[in-house]
Every structure is written in structure tokens, then in C-alpha cells.
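Hi,

Here is the structure I promised to pass on.

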Amino acid sequence: MADMTLPALPEESFQRVLCVVAHPDDMEYGTSAAVARWTARGIEVGYLLLTRGEAGMPNPPEETARLRVAEQQSACAVVGVKHLTVLEHPDGVLVYGLDLRRDICREIRRFKPDVVLGTSYAIETPFGFDQADHRAAGLATLDAMRDAGNRWVFPEQVDDEGLEPHSVRWYIVPGLVGSGVTHGVEVTGEPLRRGVASLEAHAAYLAALPDHPAPKDFIPKFTAMSGKAMGVEHAVLFRAHDLQAPPEFFTEATQD
């Protein structure tokens with residue numbers, strides 16, 4: 001039987017990673033353990049949150065927004081993220097469209113990442129039907145990467161805001177075994193500990209969720225399952241796309 005062990009992401013070439021998610025806490029369900037590894041290796045990581053998460057707790061929305069952004073700042077500090085941008089698109093009813101693409105495009109042009117980490121835009125996940133905000137965020141991020149490299153898309157950002165077009169090299173989406181993942185990041189040890197602690201930083205939010213398990217009780221179980229796919233103790237898995245590589249059908253055609 002052929003060795004099916006997933007390879008490691010080529011993180012030695014990464015300089016800046018921009019993570020685009022819908023809500024405070026979206027990065028902290030395992031993925032932030034990979035972020036902790038990257039920042040420890042000198043890779044600059046930025047988070048772009050599209051909403052303040054104000055619909056996620058029974059508190060009044062403005063109170064919830066302040067609380068959740070503060071908890072996100074604490075979670076960022078745990079894993080070494082110093083660049084946090086939080087937009088104010090409405091939580092729970094995030095709309096895919098030009099406004100969302102424009103805002104993500106602006107942050108890509110501003111931060112100039114060589115890697116964008118997005119979320120899946122699939123309707124169904126291994127955990128059930130995905131939340132609508134996640135799908136909108138994932139699709140808008142995918143399109144905004146192409147927008148960012150085209151000088152004539154959202155040209156006011158170039159002409160009026162002084163931003164330059166920027167082309168992203170890698171697009172990566174977290175996933176589990178069986179969801180089309182192609183690469184992994186080992187997070188055994190300190191990165192995993194920091195990843196768990198980053199979700200624990202969302203203490204008030206987690207306390208408001210009935211029967212939510214403790215982060216230390218479930219995140220290591222998921223990373224251990226993913227670790228088996230890499231042949232390591234703990235890992236976070238990704239579907240990775242090299243956006244600057246020639247399409248496979250071109251390379252296959254030239255080899256015939």
C-alpha cells in the first residue's frame with residue numbers, strides 16, 4: 001500500500017499570513033495552534049474578522065460586541081498575533097457581495113500576505129450544515145484574492161487610498177481527513193497548548209453556550225486525529241492551493 005502521509009505546508013517560504021473569518025472565536029477551534037507555530041517561527045500573521053460577533057450571546061448586541069472583541073484580542077495575544085482588524089458587518093446576516101469583497105480586498109492590499117487562510121464555503125460539513133456567515137465569508141475571501149491583484153477592481157483603493165494591487169501566492173482552508181485536505185502543520189507541544197489557551201480566552205462567550213465542552217477536552221482529540229494523517233502526534237490540516245502555479249491541465253497537456 002502506498003504511503004498516504006500528508007506533506008507539511010511549505011511554511012519555510014511563508015512571510016505573512018492573513019486569516020479571514022466571520023466571527024470572534026472562528027480561528028480558535030484548532031486552527032490557532034498552527035498560527036502559534038507560525039508566529040514562533042517569525043511569520044507575521046494578521047486576523048481579519050468580518051463581524052464583531054454581536055449576535056452570538058443573549059446580552060445586548062453592543063455589549064456582546066465589546067466583550068467578544070476584547071476576548072479576541074486576548075486570544076490573539078496568546079498565539080502571537082499583533083495585527084487584528086475587526087469590521088462591523090452585521091453578525092448572523094453577513095451578505096456575500098461587493099461590499100464584503102471590497103473590504104477583504106482592502107485588507108489584502110494593506111497587509112500584503114503571501115498566504116490567505118479562508119474558511120469553507122460548502123453548505124454541508126462533517127459537523128452538519130455550516131452557518132451562513134461562514135459560507136459568505138469563505139466565498140467572498142476567495143473572490144477578494146483575485147480582486148486584490150487586479151488594479152481595475154476597486155480602483156479607488158489604488159487611486160484614493162494609496163494601496164497597491166497585491167497577488168497572493170497561497171490560499172489555504174482548514175479541514176479534516178476526508179474533506180480534501182492536502183497538507184498539514186504539526187502542532188505537537190507548545191503550539192497546541194497555545195491553541196487551547198486561545199479558545200479559553202473566549203471565556204464569557206463559551207460560558208454562554210449550553211453544554212459547550214472545555215477546550216482542553218476536545219481540541220487535542222481533533223488535532224490527534226489529524227496528526228495520524230501526517231504521521232505526527234498532533235496536527236492541523238489544510239486544503240492548500242498554489243495560486244501562482246500553472247493549472248494542472250496545462251502542465252499535463254505539455255507533457256503529452
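Let me begin with a pair of helices (helices and strands are DSSP runs: H or I of at least four residues, and E of at least two, numbered from the N terminus). Helix α6 (residues 190-200) and helix α8 (residues 215-230) have axes that come within 10 Å and cross at roughly 135°; axes are lines fitted to C-alpha atoms, for helices over the stretch in contact, and angles run from 0 to 180 degrees between N-to-C directions. That makes α6 oblique to α8 (under 35 degrees is roughly parallel, over 145 roughly antiparallel, 65 to 115 roughly perpendicular, the rest oblique). The contact (heavy atoms within 4.5 Å) includes Leu 192 and Val 196 of α6 and Phe 218 and Ile 219 of α8.

This is a predicted model, with pLDDT of at least 70 needed for local features and 80 or more for side-chain atom pairs, while totals for chains, interfaces and linings use all residues. Residues are numbered from 1 along each chain as its sequence is written, and side-chain values use heavy atoms, leaving out hydrogens and water.

Now the sheet: 7 strands form an open, mixed one in the order β3-β2-β1-β4-β7-β9-β8, where pairing requires at least two DSSP bridges between two strands. Its edge strands are β3 (83-86) and β8 (183-186), and the twist averages 25° from one strand to the next. β2 (residues 44-49) pairs with β3 in the parallel sense over 4 bridges, and Leu 49 has Val 86 of β3 as its bridge partner. Helix α2 (residues 61-78) lies across β2 and β3, whereas α8 touches β8 and β9 (235-242).

Best wishes
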